[in-house]
Amino acid sequence: MQIICNHYAEMSLIILTYICIYFNLNNMNIALIGYGKMGRAIEEIATRRGHSVVSRISTANIQDLRPAVLQTADVAIEFTRPEAAPVNIKTCIEAGLPVVSGTTGWNNLKKEVEEFCLEKNGCFLHASNFSIGVNIFFEINKKLASLMNKYEVYDVSIKEIHHTAKIDTPSGTAISLATDIIQRLERKKVWTISPVEPNSRSIYIESERKDPAPGTHMVKYSSEIDDIKIIHTAHSRAGFALGAVLAAEWLSGKKGIFSMSDVLQF
Ligand SMILES: NC(=O)c1ccc[n+]([C@@H]2O[C@H](COP(=O)([O-])OP(=O)(O)OC[C@H]3O[C@@H](n4cnc5c(N)ncnc54)[C@H](OP(=O)(O)O)[C@@H]3O)[C@@H](O)[C@H]2O)c1
């Protein structure tokens, strides 16, 4: 009986997906700002979900980053470079487009971009990591940090491993993990990277770059008696791309600043 119900539910979902694609229900026109590894992975997932990519902007055709071109889209998805992201996002907001951005390494300007968005009554969602698995990992990290607040015998550190083409160090995901810990573990006030020596008030983030390397993040609590580790390993870019498309779908019709916690309703 259980098997028949599951089969029936699965079939209904498949039929519903095809109906949505056929009648163009909830179909979005997407402007991809950045058409590198992530831009291409997003196009594949978005197309499979029945959406259309109406512009693909990279450095070669950066002149297309202007209202007349952008306004043919319903939403912009931005995955470029840290130095380009703030201007790209502001240009899309100015053109009236909701923006999903996954570019990492520009945290110092994030507040300014968010204020600009609110001023323009725009819509913006940034995530250092769009993978659903990593967002579950973030929640586990927060819970573990809250539990560890009263167990001072444990020291905490973070390790991240990525491919050598990654520009920013430490990864945006590692910074998010450290920030969430600092908000819950009173004995930790800052995060540090090499060559700054860690101390009892800092969380040390170790970054390793090698090829090939599935994106890996580990949070480790160590005491003299034992270690507790939580680890997330990404097997491909598909998880990030799917999360970014889900976020773009979720933003439809909304105004304000949002995060993946809003999308996933944690
Ligand atoms: N949040 C997440 O879940 C997540 C997941 C993976 C990666 N990321 C981040 O996403 C970003 C992109 O990663 P990627 O792997 O796709 O990098 P990538 O393969 O190097 O692609 C970057 C793209 O951005 C374009 N670009 C550079 N400057 C630009 C500008 N000023 N305006 C418009 N486009 C510009 C590049 O164009 P050209 O090729 O013409 O130079 C290229 O198409 C990085 O910051 C990475 O850390 C985030």
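**Close-up 1. The largest nonpolar core.** Within the largest nonpolar core, which has 44 residues, those that touch the most other members are Val75, Ala76, Ile77, Ala244 and Ala248. Helix H8 (residues 238-251) supplies the largest share of this core, 8 residues. This is a predicted model, in which local features need pLDDT of at least 70 and side-chain atom pairs count only at pLDDT 80 or more, while totals for chains, interfaces and linings use all residues. Residues are numbered from 1 along each chain as its sequence is written. A nonpolar core here is a set of buried Ala, Val, Leu, Ile, Met, Phe, Trp, Tyr and Cys residues joined through C-beta atoms within 7 Å. A residue is buried if 20 or more other C-beta atoms, placed from the backbone, lie within 10 Å of its own.

**Close-up 2. Surroundings of isoleucine 77.** Leaving aside residues up to four places away in sequence, isoleucine 77 touches Ile30, Leu32, Ile33, Ile42, Val100, Ala244 and Ala248 (contact: C-beta atoms, placed from the backbone, within 7 Å). Another core, of 15 residues, lies apart from the largest one and includes Val156, Ala174, Leu177 and Trp191.

**Close-up 3. Strand E1 and its partners.** Because 4 of its 5 residues are buried, strand E1 (residues 29-33) is largely enclosed by the rest of the structure. E1 runs parallel to strand E2 (residues 52-57), to which 5 bridges join it, and leucine 32 stands opposite arginine 56 in E2. E1 also pairs in the parallel sense with strand E3 (residues 75-78) over 4 bridges, where isoleucine 77 is the bridge partner of leucine 32 (pairing: at least two DSSP bridges between two strands; strands: DSSP runs of E, at least two residues, and helices: runs of H or I, at least four, numbered from the N terminus).

Notes
A residue is buried if 20 or more other C-beta atoms lie within 10 Å of its own, exposed if 12 or fewer, and partly exposed in between; C-beta atoms are placed from the backbone. Two residues are in contact if their C-beta atoms, placed from the backbone, lie within 7 Å.
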